[in-house]
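Please look over the sequence and the model before reading on. The briefing below takes a few helices and residues in turn.

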Amino acid sequence: MAVKNNKFIKAVKYILLFGLAALLVYLAFRKVNWADFLLGLRQVRWFWIVLFCVVSVVALMIRTIRWKEMIVPFDDGISSIKVWDAINIGNMVSLVIPGGGEVLRCGYVSSKKFEMDKALGTMFCERLWDFISLLLLFIFLIVFNGGRIGNYLTEKIIGPAMSNTTLWVLLAAAVLLVAAFVVISYKLRDKYKLFGAVARSISRLWIGFGAFSKSRNKALIVISSFALWFMYVLMSYCILKAMPALDGLGLTDAAFFSFVGNIASVVPVPGGIGAYHYLVAAAVGLYGISWETGILFATLNHEIHALVILLVGIVSYIHFVSAGKAAADKPEPSDSSGL
(Lines give C-alpha, C1' and ligand atoms only; values in the text may rest on other atoms or scores of the structure.)
Protein backbone atom coordinates (compact mmCIF):
# COMPACT_ATOMS: atom_id res chain seq x y z
CA MET A 1 0.00 0.00 0.00
CA ALA A 2 2.85 2.36 0.90
CA VAL A 3 4.47 1.76 -2.50
CA LYS A 4 1.20 2.59 -4.28
CA ASN A 5 0.82 5.76 -2.21
CA ASN A 6 4.39 6.85 -3.08
CA LYS A 7 3.72 6.28 -6.78
CA PHE A 8 0.50 8.29 -6.54
CA ILE A 9 2.27 11.18 -4.75
CA LYS A 10 5.04 11.20 -7.39
CA ALA A 11 2.47 11.14 -10.20
CA VAL A 12 0.59 14.09 -8.66
CA LYS A 13 3.88 15.96 -8.19
CA TYR A 14 4.89 15.55 -11.83
CA ILE A 15 1.40 16.47 -13.05
CA LEU A 16 1.54 19.68 -10.99
CA LEU A 17 5.05 20.49 -12.27
CA PHE A 18 4.05 19.97 -15.89
CA GLY A 19 0.88 21.96 -15.25
CA LEU A 20 2.97 24.84 -13.90
CA ALA A 21 5.25 24.58 -16.94
CA ALA A 22 2.25 24.68 -19.29
CA LEU A 23 0.87 27.76 -17.50
CA LEU A 24 4.21 29.57 -17.75
CA VAL A 25 4.52 28.67 -21.44
CA TYR A 26 1.03 30.09 -22.03
CA LEU A 27 1.88 33.31 -20.16
CA ALA A 28 5.14 33.68 -22.09
CA PHE A 29 3.71 33.03 -25.56
CA ARG A 30 0.18 34.44 -25.34
CA LYS A 31 1.26 37.92 -26.55
CA VAL A 32 3.39 36.65 -29.43
CA ASN A 33 2.71 37.87 -32.95
CA TRP A 34 3.55 34.63 -34.74
CA ALA A 35 4.16 36.30 -38.11
CA ASP A 36 6.90 38.47 -36.58
CA PHE A 37 8.26 35.51 -34.60
CA LEU A 38 8.59 33.34 -37.74
CA LEU A 39 10.12 36.23 -39.67
CA GLY A 40 12.79 36.56 -36.99
CA LEU A 41 13.40 32.82 -37.10
CA ARG A 42 13.97 32.91 -40.87
CA GLN A 43 16.59 35.64 -40.41
CA VAL A 44 18.69 33.65 -37.91
CA ARG A 45 22.41 33.33 -38.72
CA TRP A 46 22.97 29.62 -38.28
CA PHE A 47 26.77 29.82 -38.03
CA TRP A 48 26.32 31.38 -34.60
CA ILE A 49 23.86 28.64 -33.63
CA VAL A 50 26.48 26.01 -34.48
CA LEU A 51 29.04 27.96 -32.44
CA PHE A 52 26.52 28.07 -29.57
CA CYS A 53 26.36 24.25 -29.64
CA VAL A 54 30.17 24.00 -29.59
CA VAL A 55 30.42 26.37 -26.61
CA SER A 56 27.69 24.35 -24.82
CA VAL A 57 29.75 21.17 -25.14
CA VAL A 58 32.90 23.00 -23.97
CA ALA A 59 30.95 24.14 -20.89
CA LEU A 60 30.07 20.51 -20.13
CA MET A 61 33.75 19.54 -20.49
CA ILE A 62 34.80 22.28 -18.05
CA ARG A 63 32.15 21.14 -15.55
CA THR A 64 33.52 17.59 -15.86
CA ILE A 65 37.06 18.80 -15.11
CA ARG A 66 35.88 20.73 -12.05
CA TRP A 67 33.73 17.98 -10.55
CA LYS A 68 36.40 15.34 -11.10
CA GLU A 69 38.89 17.51 -9.23
CA MET A 70 36.44 17.61 -6.30
CA ILE A 71 35.98 13.82 -6.39
CA VAL A 72 39.69 12.87 -6.66
CA PRO A 73 40.45 13.38 -2.91
CA PHE A 74 37.91 10.61 -2.17
CA ASP A 75 38.42 8.38 -5.23
CA ASP A 76 41.69 9.06 -7.06
CA GLY A 77 40.99 6.26 -9.54
CA ILE A 78 37.82 7.75 -11.04
CA SER A 79 38.02 8.37 -14.78
CA SER A 80 37.09 11.58 -16.59
CA ILE A 81 34.76 9.67 -18.92
CA LYS A 82 32.79 8.30 -15.95
CA VAL A 83 32.30 11.81 -14.55
CA TRP A 84 31.43 13.09 -18.05
CA ASP A 85 28.78 10.38 -18.53
CA ALA A 86 27.33 10.99 -15.06
CA ILE A 87 26.93 14.74 -15.68
CA ASN A 88 25.39 14.29 -19.13
CA ILE A 89 22.94 11.58 -18.06
CA GLY A 90 21.97 13.65 -15.01
CA ASN A 91 21.38 16.75 -17.14
CA MET A 92 19.21 14.74 -19.52
CA VAL A 93 17.06 13.46 -16.65
CA SER A 94 16.73 17.00 -15.24
CA LEU A 95 15.07 18.06 -18.50
CA VAL A 96 12.07 15.99 -17.37
CA ILE A 97 12.41 15.79 -13.56
CA PRO A 98 13.60 19.06 -11.97
CA GLY A 99 16.62 18.30 -9.78
CA GLY A 100 16.31 14.54 -10.36
CA GLY A 101 19.45 14.43 -12.45
CA GLU A 102 21.58 15.88 -9.64
CA VAL A 103 20.93 12.91 -7.38
CA LEU A 104 21.23 10.46 -10.26
CA ARG A 105 24.67 11.66 -11.35
CA CYS A 106 25.94 11.31 -7.78
CA GLY A 107 24.73 7.71 -7.83
CA TYR A 108 26.68 7.02 -11.03
CA VAL A 109 30.02 8.14 -9.56
CA SER A 110 29.58 6.67 -6.06
CA SER A 111 31.47 3.55 -5.01
CA LYS A 112 32.52 1.66 -1.88
CA LYS A 113 35.27 4.18 -1.15
CA PHE A 114 33.20 7.17 -2.35
CA GLU A 115 29.78 6.82 -0.71
CA MET A 116 26.64 8.40 -2.12
CA ASP A 117 26.51 10.90 0.75
CA LYS A 118 30.00 12.19 -0.04
CA ALA A 119 29.11 12.37 -3.74
CA LEU A 120 26.11 14.54 -2.85
CA GLY A 121 28.41 16.69 -0.73
CA THR A 122 30.75 17.31 -3.68
CA MET A 123 27.72 18.19 -5.81
CA PHE A 124 26.65 20.78 -3.20
CA CYS A 125 30.23 22.09 -3.15
CA GLU A 126 30.01 22.44 -6.93
CA ARG A 127 26.77 24.37 -6.62
CA LEU A 128 28.41 26.63 -4.03
CA TRP A 129 31.03 27.59 -6.61
CA ASP A 130 28.25 28.21 -9.13
CA PHE A 131 26.62 30.53 -6.61
CA ILE A 132 29.91 32.37 -6.02
CA SER A 133 30.37 32.76 -9.79
CA LEU A 134 26.78 34.01 -10.17
CA LEU A 135 27.34 36.49 -7.35
CA LEU A 136 30.48 37.83 -9.05
CA LEU A 137 28.54 38.08 -12.32
CA PHE A 138 25.88 40.07 -10.45
CA ILE A 139 28.53 42.47 -9.10
CA PHE A 140 29.91 42.87 -12.62
CA LEU A 141 26.44 43.73 -13.90
CA ILE A 142 25.81 46.21 -11.10
CA VAL A 143 28.99 48.05 -12.13
CA PHE A 144 28.48 47.94 -15.90
CA ASN A 145 24.71 47.52 -16.34
CA GLY A 146 23.34 48.68 -12.99
CA GLY A 147 20.27 50.55 -14.17
CA ARG A 148 18.70 47.73 -16.14
CA ILE A 149 19.46 44.92 -13.72
CA GLY A 150 18.22 47.02 -10.78
CA ASN A 151 14.91 47.74 -12.50
CA TYR A 152 14.55 44.13 -13.60
CA LEU A 153 15.16 42.62 -10.18
CA THR A 154 12.80 45.10 -8.52
CA GLU A 155 9.94 44.64 -11.01
CA LYS A 156 10.20 40.95 -11.91
CA ILE A 157 11.79 39.13 -8.97
CA ILE A 158 12.20 40.99 -5.66
CA GLY A 159 8.85 42.83 -5.80
CA PRO A 160 6.68 39.76 -6.53
CA ALA A 161 8.69 37.61 -4.09
CA MET A 162 8.44 40.08 -1.20
CA SER A 163 4.70 40.49 -1.71
CA ASN A 164 4.15 36.72 -1.33
CA THR A 165 4.09 36.34 2.47
CA THR A 166 2.92 32.72 2.33
CA LEU A 167 6.01 31.72 0.32
CA TRP A 168 8.40 33.19 2.90
CA VAL A 169 6.51 31.63 5.83
CA LEU A 170 6.66 28.19 4.18
CA LEU A 171 10.34 28.64 3.34
CA ALA A 172 11.21 29.68 6.89
CA ALA A 173 9.20 26.75 8.31
CA ALA A 174 11.01 24.30 6.00
CA VAL A 175 14.43 25.63 7.05
CA LEU A 176 13.54 25.40 10.76
CA LEU A 177 12.21 21.85 10.38
CA VAL A 178 15.34 20.67 8.60
CA ALA A 179 17.59 22.35 11.18
CA ALA A 180 15.60 20.80 14.04
CA PHE A 181 15.81 17.34 12.45
CA VAL A 182 19.59 17.64 12.06
CA VAL A 183 20.04 18.70 15.70
CA ILE A 184 17.78 15.89 16.98
CA SER A 185 19.61 13.33 14.83
CA TYR A 186 22.96 14.26 16.40
CA LYS A 187 21.55 14.40 19.92
CA LEU A 188 19.97 10.93 19.67
CA ARG A 189 22.47 9.24 17.35
CA ASP A 190 23.78 6.90 20.07
CA LYS A 191 20.31 5.90 21.30
CA TYR A 192 18.44 5.10 18.09
CA LYS A 193 19.74 3.37 14.95
CA LEU A 194 17.67 5.57 12.64
CA PHE A 195 19.11 8.81 14.02
CA GLY A 196 22.57 7.23 14.07
CA ALA A 197 22.30 6.43 10.36
CA VAL A 198 21.04 9.95 9.59
CA ALA A 199 23.88 11.54 11.60
CA ARG A 200 26.51 9.44 9.79
CA SER A 201 24.96 10.33 6.45
CA ILE A 202 25.03 14.05 7.30
CA SER A 203 28.68 13.75 8.40
CA ARG A 204 29.67 12.15 5.09
CA LEU A 205 27.66 14.79 3.25
CA TRP A 206 29.60 17.49 5.10
CA ILE A 207 32.91 15.78 4.28
CA GLY A 208 31.97 15.83 0.60
CA PHE A 209 30.91 19.47 0.86
CA GLY A 210 34.46 20.26 1.99
CA ALA A 211 35.85 18.87 -1.27
CA PHE A 212 37.52 22.19 -2.12
CA SER A 213 39.61 22.18 1.08
CA LYS A 214 40.77 18.62 0.31
CA SER A 215 41.62 19.30 -3.34
CA ARG A 216 45.28 19.13 -4.35
CA ASN A 217 44.66 21.62 -7.16
CA LYS A 218 42.44 24.36 -5.77
CA ALA A 219 43.47 26.76 -8.54
CA LEU A 220 41.95 24.39 -11.11
CA ILE A 221 38.57 24.53 -9.33
CA VAL A 222 38.64 28.33 -9.18
CA ILE A 223 39.76 28.81 -12.78
CA SER A 224 37.33 26.20 -14.15
CA SER A 225 34.45 27.86 -12.24
CA PHE A 226 35.13 31.23 -13.82
CA ALA A 227 35.73 29.62 -17.24
CA LEU A 228 32.44 27.74 -16.97
CA TRP A 229 30.43 30.88 -16.33
CA PHE A 230 32.24 32.72 -19.09
CA MET A 231 31.04 29.94 -21.40
CA TYR A 232 27.47 30.54 -20.25
CA VAL A 233 27.82 34.25 -21.07
CA LEU A 234 29.39 33.34 -24.41
CA MET A 235 26.41 31.09 -25.19
CA SER A 236 24.05 34.06 -24.76
CA TYR A 237 26.39 36.18 -26.87
CA CYS A 238 26.24 33.63 -29.70
CA ILE A 239 22.44 33.87 -29.76
CA LEU A 240 22.66 37.68 -29.75
CA LYS A 241 24.93 37.54 -32.80
CA ALA A 242 22.61 35.02 -34.46
CA MET A 243 19.70 37.49 -34.43
CA PRO A 244 19.93 40.60 -36.67
CA ALA A 245 17.34 42.37 -34.50
CA LEU A 246 19.82 42.29 -31.58
CA ASP A 247 22.89 43.51 -33.47
CA GLY A 248 23.28 46.55 -31.23
CA LEU A 249 23.83 44.46 -28.07
CA GLY A 250 27.19 43.20 -26.80
CA LEU A 251 28.94 40.97 -24.29
CA THR A 252 27.75 42.91 -21.21
CA ASP A 253 24.14 42.54 -22.37
CA ALA A 254 24.74 38.83 -22.97
CA ALA A 255 26.00 38.59 -19.37
CA PHE A 256 22.76 40.22 -18.18
CA PHE A 257 20.60 37.75 -20.12
CA SER A 258 22.72 34.83 -18.90
CA PHE A 259 22.27 35.99 -15.30
CA VAL A 260 18.50 36.23 -15.72
CA GLY A 261 18.37 32.83 -17.41
CA ASN A 262 20.20 31.19 -14.51
CA ILE A 263 17.87 32.84 -11.99
CA ALA A 264 14.93 31.51 -14.03
CA SER A 265 16.34 27.99 -13.86
CA VAL A 266 15.63 27.94 -10.11
CA VAL A 267 11.87 27.71 -10.83
CA PRO A 268 11.02 23.99 -10.34
CA VAL A 269 9.45 23.15 -13.70
CA PRO A 270 10.66 20.46 -16.14
CA GLY A 271 13.69 21.79 -17.99
CA GLY A 272 12.87 25.36 -16.95
CA ILE A 273 10.17 25.46 -19.65
CA GLY A 274 8.06 28.60 -19.52
CA ALA A 275 9.78 30.33 -16.60
CA TYR A 276 12.97 30.81 -18.61
CA HIS A 277 11.11 32.11 -21.67
CA TYR A 278 9.02 34.60 -19.72
CA LEU A 279 11.80 36.06 -17.56
CA VAL A 280 14.42 36.23 -20.32
CA ALA A 281 11.96 37.79 -22.80
CA ALA A 282 11.09 40.38 -20.14
CA ALA A 283 14.82 41.14 -19.73
CA VAL A 284 15.20 41.66 -23.49
CA GLY A 285 12.14 43.92 -23.40
CA LEU A 286 14.00 46.35 -21.09
CA TYR A 287 15.98 47.41 -24.16
CA GLY A 288 12.80 48.52 -25.94
CA ILE A 289 12.86 45.38 -28.11
CA SER A 290 9.63 43.64 -29.12
CA TRP A 291 8.23 40.73 -27.11
CA GLU A 292 8.45 38.49 -30.21
CA THR A 293 12.20 39.11 -30.48
CA GLY A 294 12.64 38.46 -26.75
CA ILE A 295 10.70 35.20 -26.96
CA LEU A 296 12.71 34.11 -30.01
CA PHE A 297 15.96 34.85 -28.17
CA ALA A 298 14.80 32.85 -25.15
CA THR A 299 13.49 29.99 -27.31
CA LEU A 300 16.72 29.65 -29.29
CA ASN A 301 18.78 29.73 -26.10
CA HIS A 302 16.64 27.26 -24.20
CA GLU A 303 15.55 24.76 -26.85
CA ILE A 304 18.89 24.45 -28.66
CA HIS A 305 20.68 24.00 -25.34
CA ALA A 306 18.10 21.38 -24.34
CA LEU A 307 18.71 19.61 -27.67
CA VAL A 308 22.48 19.58 -27.03
CA ILE A 309 21.89 18.21 -23.52
CA LEU A 310 19.58 15.52 -24.91
CA LEU A 311 21.96 14.40 -27.68
CA VAL A 312 25.05 14.36 -25.47
CA GLY A 313 23.05 12.62 -22.73
CA ILE A 314 21.91 9.86 -25.10
CA VAL A 315 25.49 9.26 -26.27
CA SER A 316 26.73 9.12 -22.66
CA TYR A 317 23.93 6.74 -21.67
CA ILE A 318 24.76 4.39 -24.55
CA HIS A 319 28.44 4.47 -23.54
CA PHE A 320 27.57 3.91 -19.87
CA VAL A 321 25.38 0.90 -20.65
CA SER A 322 27.93 -0.53 -23.08
CA ALA A 323 30.75 -0.14 -20.55
CA GLY A 324 28.65 -1.82 -17.87
CA LYS A 325 27.78 -4.72 -20.19
CA ALA A 326 31.43 -5.15 -21.20
CA ALA A 327 32.46 -5.28 -17.53
CA ALA A 328 29.73 -7.84 -16.77
CA ASP A 329 30.77 -10.02 -19.74
CA LYS A 330 34.45 -9.93 -18.81
CA PRO A 331 35.49 -13.45 -17.70
CA GLU A 332 36.62 -13.99 -14.14
CA PRO A 333 40.39 -14.57 -13.74
CA SER A 334 41.11 -18.30 -13.85
CA ASP A 335 42.44 -20.03 -10.76
CA SER A 336 45.91 -21.28 -11.76
CA SER A 337 46.79 -22.63 -8.34
CA GLY A 338 45.81 -26.13 -9.36
CA LEU A 339 43.66 -26.59 -6.27
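In helix α4, the buried residues are Val-83, Trp-84, Asp-85, Ala-86, Ile-87, Asn-88, Ile-89, Gly-90 and Met-92. The model is a predicted one, and its protein chain has 13 helices and zero strands. Of the 339 residues of the protein chain, 39% count as buried, and among the contacts with a separation of 6 or more, 72% are between residues 24 or more positions apart.

**Helix α4 and its packing against α3**

- Helix α4 covers residues 80-94, and at 1.5 Å a residue its 15 residues should span 21 Å, which agrees with the 21 Å between its end C-alpha atoms.
- Helix α3, which covers residues 46-71, packs with α4 at an angle of about 120°, and their axes are 9 Å apart; that angle makes α3 oblique to α4.
- The crossing in which α3 passes α4 is right-handed.
- On the α3 side, the residues that meet α4 are Val-57, Leu-60, Met-61, Arg-63, Thr-64, Trp-67, Lys-68 and Ile-71, while on the α4 side they are Ser-80, Val-83, Trp-84, Ala-86, Ile-87, Asn-88 and Asn-91.
- Sorted by class, the residues in the contact of α3 with α4 are nine nonpolar, four polar and two charged.

- Helix α11 passes α12 in a right-handed crossing.
- This contact is made by Phe-256, Phe-257, Val-260, Gly-261 and Ala-264 of α11, together with Ala-275, Tyr-276, Leu-279, Val-280, Ala-283 and Val-284 of α12.
- By class, the residues in the contact of α11 with α12 are ten nonpolar and one polar, with no charged residue among them.

**Ser-225, a residue within a helix**

- Ser-225 lies in helix α10, and Ser-225 counts as buried because its relative accessibility is 0%, which is under the 20% cut-off.
- Leaving aside its neighbours within four places in sequence, Ser-225 is in contact with Arg-66, Trp-129 and Ser-133.
- Ser-225 and Ile-65 are 160 residues apart in sequence, and their C-alpha atoms are 9.8 Å apart in space.

**Asn-217, a residue within a loop**

- Asn-217 is placed in the loop between α9 (211-214) and α10 (218-242).
- Asn-217 and Glu-69 are 148 residues apart along the chain, and their C-alpha atoms are separated by 7.4 Å.

Technical notes: Residues are numbered from 1 along each chain as its sequence is written. This is a predicted model: local features need pLDDT of at least 70, side-chain atom pairs count only at pLDDT 80 or more; totals for chains, interfaces and linings use all residues. Side-chain values use heavy atoms; hydrogens and water are left out. A crossing is left-handed if the near helix is turned anticlockwise from the far one by less than a right angle, and right-handed if clockwise. Helices (H or I, at least four residues) and strands (E, at least two) are DSSP runs, numbered from the N terminus. Contact means heavy atoms within 4.5 Å. Ala, Val, Leu, Ile, Met, Phe, Trp, Tyr, Cys and Pro count as nonpolar, Asp, Glu, Lys and Arg as charged, and the others, Gly among them, as polar. The expected span of a helix is 1.5 Å times one less than its number of residues. Buried means under 20% relative accessible area, exposed over 50%, partly exposed in between (1.4 Å probe, protein chains only). Axes are lines fitted to C-alpha atoms, for helices over the stretch in contact, and angles run from 0 to 180 degrees between N-to-C directions. Angles under 35 degrees count as roughly parallel, over 145 as roughly antiparallel, 65 to 115 as roughly perpendicular and the rest as oblique.
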